[in-house]
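Here is a short report on one protein model. It looks at helix faces first, then at loops.

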Amino acid sequence: MKYSEIFHTIQGEGTLIGVPSVFFRTSYCNLRCAWCDTPYTSWEPENRDISVADSLQSITEFGCKHVVITGREPFIQAKELTDLCRELDELGHHITIETNATVFAKVDAHLISMSPKLRNSNPSTDNRFFKMHERERICPDVIHKFLDAYPCQVKFVVDSPDDLAEIRLLQKNIPIPIESILLMPQGKTPQVLHQKQEWLVDICKENGYRYSPRVHVDIWGEKRGV
């Protein structure tokens with residue numbers, strides 16, 4: 001598998017926030033978000049190889065029940081992901097997979113954490129990745145498949161109050177159960193997150209969405225491997 005890092009920390013986002021977890025971060029992505037917080041896996045992916053067996057050994061050495069397979073996009077390595085999840089499941093681990101919800105594969109997982117990309121993620125129009133990103137960032141059929149097959153949470157990264165109209169439209173048209181939707185602020189530093197969290201909490205209260213802080217950013221800022 002192509003990967004960038006394996007580390008033991010707490011889950012910083014979503015419904016399992018605060019739970020001690022081992023993160024296995026794959027490398028490579030099929031999108032190019034302008035605000036990507038792990039550019040070393042997407043814009044300039046680290047080309048490190050690890051076997052499924054070595055991945056399993058490194059993950060299990062931490063003695064932690066919860067495993068989060070993330071990346072940029074784990075599902076683009078579907079065969080290796082399927083093999084790793086099967087082995088982890090047989091050992092009794094709880095498996096969360098974080099995905100941009102553009103690629104579907106049937107794997108052993110207990111929570112699919114989807115993060116469909118809003119227009120605020122688009123690179124500039126003169127960037128060579130703009131058309132590809134805009135065309136592929138939302139895949140309703142893939143979102144449907146995950147919602148039908150797994151327990152899911154759907155996290156939207158919100159940059160401004162203007163993003164609400166797009167979220168409402170996706171919720172209605174796909175459709176996405178309101179109880180599955182979480183909104184979290186876009187930002188790479190505690191200062192930026194704190195500037196956005198008050199109005200974003202108000203949006204959640206007014207629309208029945210769940211608010212998700214980004215605890216790892218509040219604690220460690222832009223530091224990787226945490």
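## Ground rules

Helices (H or I, at least four residues) and strands (E, at least two) are DSSP runs, numbered from the N terminus. This is a predicted model: local features need pLDDT of at least 70, side-chain atom pairs count only at pLDDT 80 or more, and totals for chains, interfaces and linings use all residues. Residues are numbered from 1 along each chain as its sequence is written, and side-chain values use heavy atoms, with hydrogens and water left out.

## The loop between β5 and β6

Ala101 sits in the loop between β5 (94–99) and β6 (111–114). Its phi is positive, about 65°, although Ala101 is not a glycine. Ala101 counts as buried, at 1% relative accessibility. Buried means under 20% relative accessible area, exposed means over 50%, and partly exposed lies in between (1.4 Å probe, protein chains only).

Asn100 belongs to the loop between β5 and β6. Asn100 is buried, with a relative accessible area of 4%. Its side chain makes a polar contact with the side chain of Thr102, at 2.6 Å. A polar contact is a pair of N or O atoms within 3.5 Å; within protein, one must be able to donate a hydrogen and the other to accept it, and residues adjacent in sequence count only if both atoms are side-chain atoms. Leaving aside residues up to four places away in sequence, Asn100 touches several others, among them Cys29, Glu73, Lys117 and Arg137. Contact means heavy atoms within 4.5 Å.

Helix α1 covers residues 52–60. Val52, Ser55, Leu56 and Ile59 are buried there. Seen down the axis of α1, these buried residues fall within an arc of 100°, so they line one face of the helix. The arc is that of the directions from the helix axis to the C-beta atoms. Their cover includes β1 (2–10), β2 (20–26), β4 (66–70) and α2 (78–90).

In α5, the buried residues are Leu164, Glu166, Ile167, Leu170 and Gln171. They fall within an arc of 160° seen down the axis of α5, so they line one face of the helix. They pack against β7 (152–158), β8 and α6 (190–207). On the other side of α5, Ala165, Lys172 and Asn173 are exposed.

Tyr28 lies in the loop between β2 and β3 (48–49). Its phi is positive, near 85°, in a residue other than glycine. Tyr28 is partly exposed, at 31% relative accessible area.

A cis peptide bond joins Ile174 and Pro175, with omega about -15°. Pro175 is in the loop between α5 (164–173) and β8 (181–185).
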